[in-house]
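I opened the model to look up a few backbone and packing details. My notes follow in the order in which I took them.

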Amino acid sequence: MVEKHVDIGFWQSYYRLRNKGYTWNHKKVYRVYTDLKLNIRRRVKRRLPSRIKEALLIPEAPNEVWSIDFMCDALVDGRKFRLLNVIDDFNRESLAIEVDTSLPSLRVIRLLERIMEGRRQPRCIRTDNGPEFISHVSIPSRQQ
């Protein structure tokens, strides 16, 4: 069992043995488990360095600061969909809401470019730095 699944932990091994009919208690199984040197080291979480806290930029006019965030919900049949909200922080105006089951980075870029066609480019875009905003796609620079 352990040769086939090398990385299973102690408790999984113990419960598998119990399901096969062995009546050994967990202390005996753990003693054999450690004698066979099967105990796996737990990974320690790396501590992130503390970031420098800056005061929030309070916009004094429209198109200075935009906030972008994703929301998630599910339909009645269980399928999930996502919403991308773009909001102007000065007047809390919703600039765009994009809804779909998948919103890849190219689509987010296309949406932002579509918004900037009718408005000028903001000085700052505020996000929560979630995994959705990590991309290796480069955006061509725009002139104001």
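**Entry 1: arginine 92.** I began with arginine 92, which is exposed at a relative accessible area of 58%. I use exposed for over 50% relative accessible area, buried for under 20%, and partly exposed for values in between, with a 1.4 Å probe and protein chains only. Arginine 92 sits in the loop between β2 and β3. I looked up its phi, which is near 60 degrees, a positive value in a residue other than glycine. Helices (H or I, at least four residues) and strands (E, at least two) are DSSP runs, numbered from the N terminus.

**Entry 2: ground rules.** This is a predicted model, in which local features need pLDDT of at least 70 and side-chain atom pairs count only at pLDDT 80 or more, while totals for chains, interfaces and linings use all residues. Residues are numbered from 1 along each chain as its sequence is written, and side-chain values use heavy atoms, with hydrogens and water left out.

**Entry 3: overall layout.** I listed 3 helices and 4 strands. From the N terminus on, their order is α-α-β-β-β-α-β. The domain assignment gives domain 1 (1-43) and domain 2 (65-127); such bounds come from an automatic or database domain assignment. I noted 48 Å between the C-alpha centres of domain 1 and domain 2. The radius of gyration is 26 Å, whereas a compact globule of 144 residues would have one near 15 Å. That radius is taken over C-alpha atoms, and the globule rule is 2.2 Å times the number of residues to the power 0.38. Along the principal axes, the C-alpha atoms fill a box of roughly 70 × 45 × 25 Å. Of the 144 residues, 24% count as buried.

**Entry 4: strand pairing.** For pairing I required that DSSP find at least two bridges between two strands. β1 and β2 run antiparallel and are joined by 9 bridges. In this pair, tryptophan 66 stands opposite aspartate 88 of β2. The two strands form a hairpin with 5 residues between them, and glycine 78 in the turn has a positive phi of about 100 degrees. β2 also pairs with β3, in the antiparallel sense, over 7 bridges. Here leucine 84 has glutamate 98 in β3 as its bridge partner. The β2-β3 hairpin has 4 residues between its strands, and its turn holds arginine 92 from my first entry.

**Entry 5: the cores.** A nonpolar core here is a set of buried Ala, Val, Leu, Ile, Met, Phe, Trp, Tyr and Cys residues joined through side-chain atoms within 4.5 Å. Which residues have the most contacts inside the largest nonpolar core? They are Trp66, Leu84, Val86, Leu111, Leu112 and Ile115, in a core of 13 residues. The elements giving two or more residues to this core are β1 (65-74), β2 (80-88), β3 (93-100) and α3 (105-118). α3 gives the most, with 5 residues. Apart from this core lies another, of 5 residues, among them Phe10, Leu17, Val29 and Tyr33.

I then checked valine 86 by contact, meaning heavy atoms within 4.5 Å. Not counting residues up to four places away in sequence, valine 86 touches Trp66, Ser67, Ile68, Glu93, Ser94, Leu95, Ala96, Leu111, Leu112 and Ile115.

**Entry 6: helix α1.** The buried residues of α1 (residues 10-19) are Phe10, Ser13, Tyr14 and Leu17. They lie on the same side of α1 because they cover an arc of only 100 degrees around the axis; the arc is that of the directions from the helix axis to the C-beta atoms. These buried residues pack against α2 (26-35). Glycine 21 follows α1 and has a positive phi, near 110 degrees.

**Entry 7: asparagine 63.** Is asparagine 63 buried or exposed? Asparagine 63 counts as buried, at 9% relative accessibility. I found asparagine 63 in the loop between α2 and β1. Its phi is near 65 degrees, positive in a residue other than glycine. Leaving out residues up to four places away in sequence, asparagine 63 touches Asp88, Arg119, Arg120, Gln121, Pro122 and Arg123.
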